[in-house]
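Dear colleague,

Please find below a structure for your study.

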Amino acid sequence: MTNKCTINEVLVQGNSVTCNFTMEGQWKKFFVADSVKVEYSIDISGVPASVAVIPFLANILPIAWICDAEIHIKELDKSFYDSINDFKKGYIDMYPMLEFKGDVVVENVVENSAQGNGAIAFFSGGVDAFNTLVKHVQDKPTLLTLWGADVKLSDNEGWQKVENHIKDTAKEFGLDYVYVKTEFRTFLKEWPLSEAVKISGDGWWHGFQHGIGIICHAAPIAYAMGKSTIYFASSFTEKDKGKVTCASDPTIDNFVRFCGAKVVHDGYEFDRQAKIHNIVEYAKETNSKIALRVCWESQGGSNCCKCEKCWRTILGVYAEGENPQNYGFDYGSFSDLCRLIYSKRELLAWHRDSRYAPIQNRMREVYGVKNVESNLRWFYKMNLDKLQGRFDRKNFVKRVKNKIKRTLKLK
Ligand SMILES: [Zn+2]
């Protein structure tokens, strides 16, 4: 049987939209539910089905492409419908080892247009999101965050922290915010999907879902609030072009359209250190209080100051000549923290070029060897390439030792 999805009903009620669907064919094995509910913190009751269906549709499209499935749908927004082949091309170019087939069959293509020229900025609270915020603050964007992406739907406490952070940031910048509670990660089986695209070298969420899958949740808001620009912060930069695969890429995101609104994959021209530079410059100029939230290791949503990502950001802020404690990092003594990082410095060897070399370069620009924190002089002077070599050698020795152990056991 050929793979087919029929979207039977798009139910818009007050703040929520529920899509009910029927799956046929082999690809049924990738789904756990036959409905997906998305709840907004604003009233969306005036949003037509042709727009309200977009968040769900965007999340089954990549599955339909790799499974050569047909999606049947009664009504769809014209600008989204017209953009499908344009952003599909981004996937085709990114993953030449896979075939992207499938089709969307629409009974009625409807023209909608967002009434207004406002902006929406996706906001997770990290460096990428804050860079987009400070760069486009003059557009007065509505901040938008999804519950159900990084924070699980069952994690009420974690979400509360995230929501408070958005609320505080919105207040500090004089903006409004919207959040969305969405089942977009729970209606499908992520692991079997990752297995199905294993040849790509990337997993389902990171490599295929989280770009358009997140972005398209903005469609009903764009319609309801009259927004015509949607900013989605980049996590990678131009230097990574061709070296990394990621579902959120300028060749995909920038081609998505809905109700006449355009999507901007934002900040791709800046590396992480340049983004931190933009953020601290803004904070200094405007006397704003910025609390970065970069950590996904800690329970409850604050920065743990013990993981690689926290350290990387702390060092990045320090490299700009700023006190990281003023940017949401509560670690007590900086000297003690630097000693701790030193004891685990092998963590720094990962991605030394893309992650730590820019921090080190900036630190050398801003500080002299004499006025840099004394417990950080090792980092300031260190040859990062040698650190990597040491790390590789250590791993090699470990691997050989394990092999010997296994061989001895066999005998
Ligand atoms: Zn952390």
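T245 is partly exposed because 18 other C-beta atoms lie within 10 Å; a residue is called buried with 20 or more other C-beta atoms within 10 Å of its own, exposed with 12 or fewer, and partly exposed in between, the C-beta atoms being placed from the backbone. This is a predicted model, in which local features need pLDDT of at least 70 and side-chain atom pairs count only at pLDDT 80 or more, while totals for chains, interfaces and linings use all residues. Residues are numbered from 1 along each chain as its sequence is written.

T245 sits in the loop between β9 (227-233) and α10 (250-253). Helices (H or I, at least four residues) and strands (E, at least two) are DSSP runs, numbered from the N terminus. Leaving aside residues up to four places away in sequence, T245 touches M94, Y95, S200, G201, D202 and G207; contact requires C-beta atoms, placed from the backbone, within 7 Å.

Strand β1 (residues 4-13) runs antiparallel to strand β2 (residues 16-24), and 9 bridges join them. Two strands pair if DSSP finds at least two bridges between them. Q13 stands opposite S16 in β2. The two strands form a hairpin with 2 residues between them, and G14 in the turn has a positive phi of about 60 degrees. β2 also pairs with strand β3 (residues 35-40) in the antiparallel sense, over 5 bridges; here T18 has K37 of β3 as its bridge partner.

Methods:
Two residues are in contact if their C-beta atoms, placed from the backbone, lie within 7 Å.
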